[in-house]
Amino acid sequence: MKKQDLPQDESNLQSANMTEVLYVTDENDNYTTANSIGWDAKKAALEESMELIHERIEEARQNVASQKVSPIIYFMELNKMDFQVLSAYVGMWQWRVKRHGKPKIFKTLNDSVLKKYADTFGISLEELKNFDGK
């Protein structure tokens, strides 16, 4: 893509005061970099992926409210994590983190274990313990 043809359509990047660096060709057909605030196709893809993320977060919140999963699952989704990432942050095996996602097990966890999760999610221990999805 030629530097002068680089799209500058409004996108979420612009609202966050950010740009994306892309490789383009200059007037001599040499590769160089240029900043773009986005383009319509990328904007549509980003909006769709954000919509899916919000749906997952809402589903997790409802599952906490109906006591199908523990608050750990909601905050994991809210922070755009999966079990692998979360287990690395809290320093536990994935199978253990998955187990803590069950409400019955979550209620038996001591404060030192819950504190690891709360610190990872950037919330207070009380907020984690008392989150009921409502």
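## Before we start

Because the model is predicted, local features need pLDDT of at least 70 and side-chain atom pairs count only at pLDDT 80 or more, while totals for chains, interfaces and linings use all residues. Residues are numbered from 1 along each chain as its sequence is written, and side-chain values use heavy atoms, with hydrogens and water left out.

## The nonpolar core

Let's begin inside. The largest nonpolar core has 24 residues, and the ones touching the most other members are Ile72, Leu86, Tyr117, Phe121 and Leu128. Helices H2, H3 (71-78), H4 (83-90), H7 (111-121) and H8 (125-130) each supply at least two residues of this core. Buried means under 20% relative accessible area, exposed means over 50%, and partly exposed is in between (1.4 Å probe, protein chains only). Helices here are DSSP runs (H or I, at least four residues), numbered from the N terminus.

Which residues does Ile72 touch? Leaving out residues up to four places away in sequence, Ile72 touches Leu86, His100, Phe106, Leu109, Tyr117, Phe121 and Leu128. A contact like this means heavy atoms within 4.5 Å.

## Salt bridges

Side chains of opposite charge can pair when their charged atoms come close. How many salt bridges turn up in the whole structure? The search finds four, where a salt bridge is a side-chain nitrogen of Lys or Arg within 4 Å of a carboxyl oxygen of Asp or Glu.

One of them joins Arg56 and Glu77 at 2.8 Å, N to O. That pair links distant parts of the chain, with Arg56 in helix H2 and Glu77 in helix H3, 21 residues apart. Arg56 is partly exposed at 48% relative accessible area, whereas Glu77 counts as buried at 14%.

Two others sit within single helices. Glu58 and Arg61 meet at 2.5 Å, N to O, and both lie in helix H2, three residues apart, about one turn of the helix. Glu58 is partly exposed at 33%, and Arg61 is partly exposed at 25%. In helix H7, Asp119 and Lys115 are four residues apart, again about one turn, and their side chains meet at 2.8 Å, N to O. Both count as partly exposed: Asp119 at 49% and Lys115 at 40%.

## A look at Ile57

Ile57 also belongs to helix H2. Is Ile57 buried or exposed? With 11% relative accessibility, Ile57 counts as buried. Beyond residues up to four places away in sequence, Ile57 touches Tyr74, Glu77 and Leu78. Ile57 and Ile73 are 16 residues apart in sequence, and their C-alpha atoms are 9.0 Å apart in space.

## The largest pocket

A pocket is an open set of points on a 1 Å grid over the protein atoms alone where a 1.4 Å probe fits, with protein on both sides within 12 Å along at least five of seven lines; lining residues have an atom within 4 Å of a point.

Its lining has 13 residues, and Val64, Gln67, Lys107, Phe131 and Asp132 lie nearest the centre. Helix H2 (40-65) and helix H6 (103-106) each supply at least two lining residues. Sorted by class, the lining has seven nonpolar, two polar and four charged residues. Here Ala, Val, Leu, Ile, Met, Phe, Trp, Tyr, Cys and Pro count as nonpolar, Asp, Glu, Lys and Arg as charged, and the others, Gly among them, as polar.

Terms used. A nonpolar core is a set of buried Ala, Val, Leu, Ile, Met, Phe, Trp, Tyr and Cys residues joined through side-chain atoms within 4.5 Å.
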